[in-house]
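Subject: Handing over a structure

Hi there,

Here is the structure I promised to pass on to you. Have a look at it, and then read on for what turned up.

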Amino acid sequence: MGVLITVPLRALLEQFAPDFPGFCKVGTGYNKQIDINAKGFIAVTDSVYLLKNLEFDAIFVDEAHHPLPTGMPKCEELYQLSATHKDEPDFRYTMGQAIEDGILSDYDITVPAISRHHSYVCLADLLLKQPRRFRRVLAYCNKVAEAKRFQMVLEELGLAAWHINAKTRPTIRQAV
């Protein structure tokens, strides 16, 4: 019947969709407009059950180290993809190979050791003292409130900064 791709989050659904024109999106915001005759589907894992009465030639499950969702449709071939799969992988494509192939850009990981006191100021200071080294920075924070505080500190020091989280609208996320 076609292909089904399952992803764990709506943000990933939006990220994958442009690469699969003609595929029907299934997930919050799209569930009332499911086109059963689409050539393929991209579904958020929690909404896969809406397709349980269909049968697919192939299903690709992203983040397959989690259990398969309830109500999974039938398929001829099931492909489970995961960066943290517990079994031996069927193939390997390293980040180094992706950089060499021009798929990814080379990057540098810096993990500063800081104390809890004034940690945002310490990180901002590091960015200011080495401007040529840190042109673009992706910082992970434990909480949304921490990300907002870090953004505020960077902006007060004259650096451009944004934060995104799971509740950030897709259009804003794309702009950032």
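A note on naming before anything else: helices (H or I, at least four residues) and strands (E, at least two) are DSSP runs, numbered from the N terminus. Residues are numbered from 1 along each chain as its sequence is written, and side-chain values use heavy atoms, with hydrogens and water left out. Please keep in mind that this is a predicted model, where local features need pLDDT of at least 70, side-chain atom pairs count only at pLDDT 80 or more, and totals for chains, interfaces and linings use all residues.

Let me begin with helix H4. Glycine 158 follows H4, and its phi is positive, near 90 degrees. The helix itself covers residues 144-156, which makes 13 residues. From first C-alpha to last, H4 reaches 18 Å, close to the 18 Å expected at 1.5 Å a residue (the expected span is 1.5 Å times one less than the number of residues).

Which residues of H4 are buried? They are Ala147, Phe150, Gln151, Val153 and Leu154. These residues lie on the same side of H4, because they cover an arc of only 165 degrees around the axis. The arc is that of the directions from the helix axis to the C-beta atoms. As for the word itself, buried means under 20% relative accessible area, exposed over 50%, and partly exposed in between (1.4 Å probe, protein chains only). Helix H3 (119-129) is included in what covers the buried residues of H4, where contact means heavy atoms within 4.5 Å.

Next, the sheet. Five strands form an open sheet with parallel pairing, in the order E2-E3-E1-E4-E5; two strands pair if DSSP finds at least two bridges between them. At the edges are strand E2 (23-26) and strand E5 (74-81), each pairing on one side only.

Strand E1 (residues 3-7) pairs with E4 in the parallel sense over four bridges, and with E3, also in the parallel sense, over five bridges. Valine 3 stands opposite glycine 40 in E3 and opposite alanine 58 in E4, while isoleucine 5 stands opposite phenylalanine 60 in E4. E1 is mostly covered, with four of its five residues buried.

How many aromatic pairs does a search of the whole structure find? There are three. Rings of Phe, Tyr and Trp (its six-membered ring) pair if their centres lie within 6.5 Å; planes under 30 degrees apart count as stacked, over 60 as edge-to-face and the rest as tilted. One of the pairs joins phenylalanine 41 and phenylalanine 56 edge-to-face, 5.7 Å centre to centre and with 85 degrees between the planes. Phenylalanine 41 lies in strand E3 (residues 40-44) and phenylalanine 56 in strand E4 (residues 55-62), so this pair ties together parts that are 15 residues apart in sequence. Both phenylalanine 41 and phenylalanine 56 are buried.

Last, a residue in a loop. Asparagine 53 sits in the loop between E3 and E4, and counts as exposed because its relative accessibility is 74%. Its C-alpha atom is separated by 39 Å from that of valine 176, 123 residues apart along the chain.

Enjoy exploring!

Best wishes
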